[in-house]
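User: I am new to this structure and would like to learn how to read it. Can we go through it feature by feature?

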Amino acid sequence: MKTNSKTIAVMMLVLFMASCNNKDSRMLTVINEDGTCIREYAFHTSEKNLMIPLEEEFDSLIDKHWELTWSVIGSDSLRHPVPMTQTQVDSLQGKNPDSHLSDSVMVHVKKQFSTVQDMSDHLLMAEGFKANSKLEKVFKWFYTDYTFTETFVYDGPSVFPIPISRFLSADSASYWFTGHPDLTRNCSGQEKKEVLDKMEVKVNQWLNANWFAEICKIVADNYDMVKNPPVSKEAFVSQCDELAMHPDVLNDTDEKVDDFKKVLDNHFHSDAYTSSILKSDSLEDDSGRYGTFLAFNTNYDLVMPGRVTDAGLGEYDGHVIHYRVSGERTIPDDYKYSIMATSRVTNIWAFIVTFLVIALAIGSFFIRRRIASA
């Protein structure tokens, strides 16, 4: 089978970032007044990867237009070129002999783009995700408003065939996975716990239903291996959705696959599926997409031109807007998650031009009066 080279590059990048500490990993976006932008990724990696020469390995992940450096966490943010030398490795390990080098060093991958969409088209992220960006500039003479939006979309293999909307309202699902809208505002601690406990029950039921749907999918995909099936494949598939909502499935709290198997046996009055297909090793064959989906988990920092007037769902510290983006946050909105911010740049030249025009008008007025009175 011929494999797309771009897919291989993405897979290699995922492996390269596999040791990433999500607390420290970061995606920084800088929007410039002229519409150009800068994207920088920061993440942990292994000592081995840090010492690989650029021309030997990184060409398959990033082109030579990306700037690749490393820095030490908690230092003065001084950047060093990759590859790391053995002398640098020995020096860092000598200062922290009880810790792993990969825990204290961050890799930085940086590039400037001519447009925000070009930046999104070169997203270095987990396989299955893509991004779309939009930058709007509204000129208002004395100032210009900038609105930047970036939407992350998961378009890989289906992760959760049973939607969360069957268990939680749109607002409740959004609050559980993103924290917005804040449904517990003005609630006491006890009241917040009650709200979250009720949501957790529904979320666990949703996960159970999807787990059961996964089991049914394994059976359906291997239906020709079932000995003496009690119903046709079409009939089996048509009943799986209803069975996924069975109380014994939804309310199972022990995470026992055997309990789910019993639901199938009892419903079809046969152990044909559980005795031939549903073995312990087969239930994990198709679980890779979950890891890929959850691998998208990073801090997102945004720097806008001028003064920020709306940080959207982010936290603005006066210089940088901080967001959190992850695969889980895409679940409530049909596997999409957007960050948005608006800023305002003061057009100093507009004030100067306006002042000159007013001054010229006033000067002309007095000149005409003087001429008229002469």
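Analyst: Start with surface. Accessible areas come from the Shrake-Rupley method with a 1.4 Å probe. This is a predicted model, and its chain exposes about 21,200 Å², of which carbon and sulfur atoms supply 54%.

User: How many helices and strands does the chain have?

Analyst: The chain contains 14 helices and 12 strands.

User: What percentage of the residues in the chain is buried?

Analyst: Buried means under 20% relative accessible area. Of the 374 residues in the chain, 39% are buried.

User: What share of the contacts joins residues 24 or more positions apart?

Analyst: Counting contacts with a separation of 6 or more, 71% are between residues 24 or more positions apart.

User: Which residues of helix α7 are buried?

Analyst: An α-helix has 3.6 residues a turn, so residues three or four places apart point the same way. Helix α7 covers residues 170–178, and its buried residues are Ser172, Ala173, Ser174, Tyr175, Phe177 and Thr178. Their cover includes α8 (189–221) and β12 (336–346).

User: Why does glutamate 194 count as partly exposed?

Analyst: The class lies between two cut-offs: buried is under 20% and exposed is over 50%. Glutamate 194, in helix α8, has a relative accessibility of 42%, so it counts as partly exposed.

User: What distance separates the C-alpha atoms of glutamate 194 and threonine 184?

Analyst: Those two C-alpha atoms are 9.9 Å apart, and the residues are 10 apart along the chain.

Note on methods:
Residues numbered from 1 in each chain as written. Predicted model: local features only at pLDDT ≥ 70, side-chain atom pairs only at ≥ 80, totals over all residues. Heavy atoms only, no water. Buried < 20%, exposed > 50% of the residue type's maximum accessible area, 1.4 Å probe, protein only. Helix = DSSP H or I, 4+ residues; strand = E, 2+ residues; numbered from the N terminus. Contact = heavy atoms within 4.5 Å.
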